[in-house]
Amino acid sequence: MSERPQNDDPDPNDAFDELVDAETDRDPDLAVIEAGSRTLRAQAGPPQDGVPARPGDPEVDRALRAVEEELAGRWGETKLDPSVQRIVALLDILGSPQRAYPSIHITGTNGKTSTARMIEALLSAFDLRTGRYTSPHVQSITERISLDGGPISAERFIETYRDIAPYLEMVDSQQEFRLSFFEVLTAMAFAAFADAPVDAAVVEVGMGGTWDATNVIDGDVAVITPIALDHTDRLGETPEQIAGEKSGIIKKDATVVLAQQPVDAASVMLKRAVEVDATVAREGMEFGVLSREVAVGGQMLTLRGLGGEYPEVFLPLYGAHQAHNAAVALAAVEAFFGVGSDHARTLDIDTIRSAFAAVSSPGRMEVVRRSPTVVLDAAHNPAGAQAAAEAVTEAFGFSRLVGVVGASADKDVRGFLEAFEPIFAEVVVTRNSSHRAMDPDELAAVAVEVFGAERVQVEPRLDDALEAAITLAEEEGEFSGAGVLVTGSVITVGEARLLLGRS
């Protein structure tokens, strides 16, 4: 870390005041809430790509498949009994590995995984050994548990599962319901981090917050990315209700790093912060994006952190939403290091620049082919679709864009498609291999209502859908500037990534 040098230049707070005026839509009544909350205000080895292929050793591959089958035999991630009772029982038997290291806990609706990867990169750049737990995976289950910036090896994944397997049966026999797929993976991650050992863990919730299996940790920093409507059957039908569930990760005396939120959602989270005496840092107030410019391969940012300004930060990811994720990640890492409370200084700018320049986020505005350009994005709800539509328009400027959409049946498909309607010349609807995938004909019926029949094509197989979309894009000629965007689900993106030769 380095002390921020003193100079006679214009006060950078002037620029930040402009940011506040431009970005903050606040309810005056929130001032009452904030009066009871401590506000965080400072006084003036890079991650790998992270998408492993199947193990090359046949024996290891067979062993990994056996573990995957055993995990698949448990409750899936969409079948929930909202309780942390089972995971607490398991971790108690394992010796509470989640308490062996400090953690940064991340919830929100969109941007969690990208933000987690940025936080991981920043911590690693400051020579901390990191563990990262995220979900779902793009291609391989081992992606969910990362050490030192990359997924754990298949061998280590298998070993970790076998180490805790005897205890799973003990807990299963004592509980009303068996441990779920996600609960077992969560315990595996915490055990692997303790065994490494790591200096810090970056943990993404699976769903919600209060009763999520990851909520057995006491995160020193609680990060809440933008909240929107998703999983409404589980979390609530309004941003306020969803915020109530997600604010459960805010623990006593923690620091809360709060991305821009709907006012009613922000109100709920600020009330929670008051209740547990947490410190709050708000995007658009204590930190934010001062400026951003589109650059070759990404964007150039000036970020305002808790300790001051960080100019000329290159981020190799596309879209305004990723710039805001970067601001949140930076503030979280500053808070982790005590910047803004214990220290009034910026982190070393060269280290920050190096870390952000090395960030990757597979399946998030990821280019996997040229001529025509094929982009993958795991957007799966209307808010994510809107961010993706704005990002692809800004970064690529395609003369014609063909969409390939394979969505889950439990999503707001109409709202999702409506976000893309202005930018898709045609859309090819399809399905992925998940049992949750929406039937292509049902998806097409909604798409026709949004786009019109002449702009919709149905291809039940994803490989055929990709070929059809690429053919449509090529109709304008090799140098036309047409492109393809594959979206709708992390599973759709992961399978498309494999089909297009990325591994």
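Buried, in these notes, means under 20% relative accessible area, with exposed over 50% and partly exposed in between (1.4 Å probe, protein chains only).

I'm working on a predicted model, where local features need pLDDT of at least 70 and side-chain atom pairs count only at pLDDT 80 or more, while totals for chains, interfaces and linings use all residues. Residues are numbered from 1 along each chain as its sequence is written, and side-chain values use heavy atoms, with hydrogens and water left out.

**Helix H14.** I started with Phe416 and Phe420, and both are buried. They sit four residues apart in H14 (residues 413-420), about one turn of the helix. Helices (H or I, at least four residues) and strands (E, at least two) are DSSP runs here, numbered from the N terminus. How much of H14 is covered? Six of its eight residues are buried: Val413, Gly415, Phe416, Leu417, Ala419 and Phe420. I then looked up what they pack against, and found helix H13 (382-396), strand E15 (400-405), helix H15 (440-451) and strand E18 (482-487). Contact means heavy atoms within 4.5 Å.

**Rings.** I count rings of Phe, Tyr and Trp (its six-membered ring) as a pair if their centres lie within 6.5 Å; planes under 30 degrees apart are stacked, over 60 edge-to-face, the rest tilted. The structure holds nine aromatic pairs. One of them, Phe396 with Phe398, is stacked, at 5.2 Å centre to centre and 0 degrees between the planes. Phe398 is buried because its relative accessible area is 19%. Phe416 and Phe420 have ring centres 5.2 Å apart and planes at 65 degrees, so I logged that pair as edge-to-face. Ring pairs also link Phe416, Phe420, Phe424 and Phe451 into a cluster.

**Cores.** A nonpolar core is a set of buried Ala, Val, Leu, Ile, Met, Phe, Trp, Tyr and Cys residues joined through side-chain atoms within 4.5 Å. Which residues of the largest core touch the most other members? Of its 43 residues, they are Ile119, Leu123, Val223, Leu303 and Phe356. Among the elements giving two or more residues to this core are strand E2 (103-107), helix H5 (112-125) and helix H11 (320-336). H11 gives the most, with 11 residues. Another core, of 40 residues, lies apart from it and includes Val60, Leu168, Val171 and Val203.

I also checked Phe356: leaving out residues up to four places away in sequence, its contacts include Met118, Leu122, Leu303 and Phe314.

**Met170.** Met170 lies in helix H6 (residues 154-174). I put it down as partly exposed because its relative accessibility is 38%.
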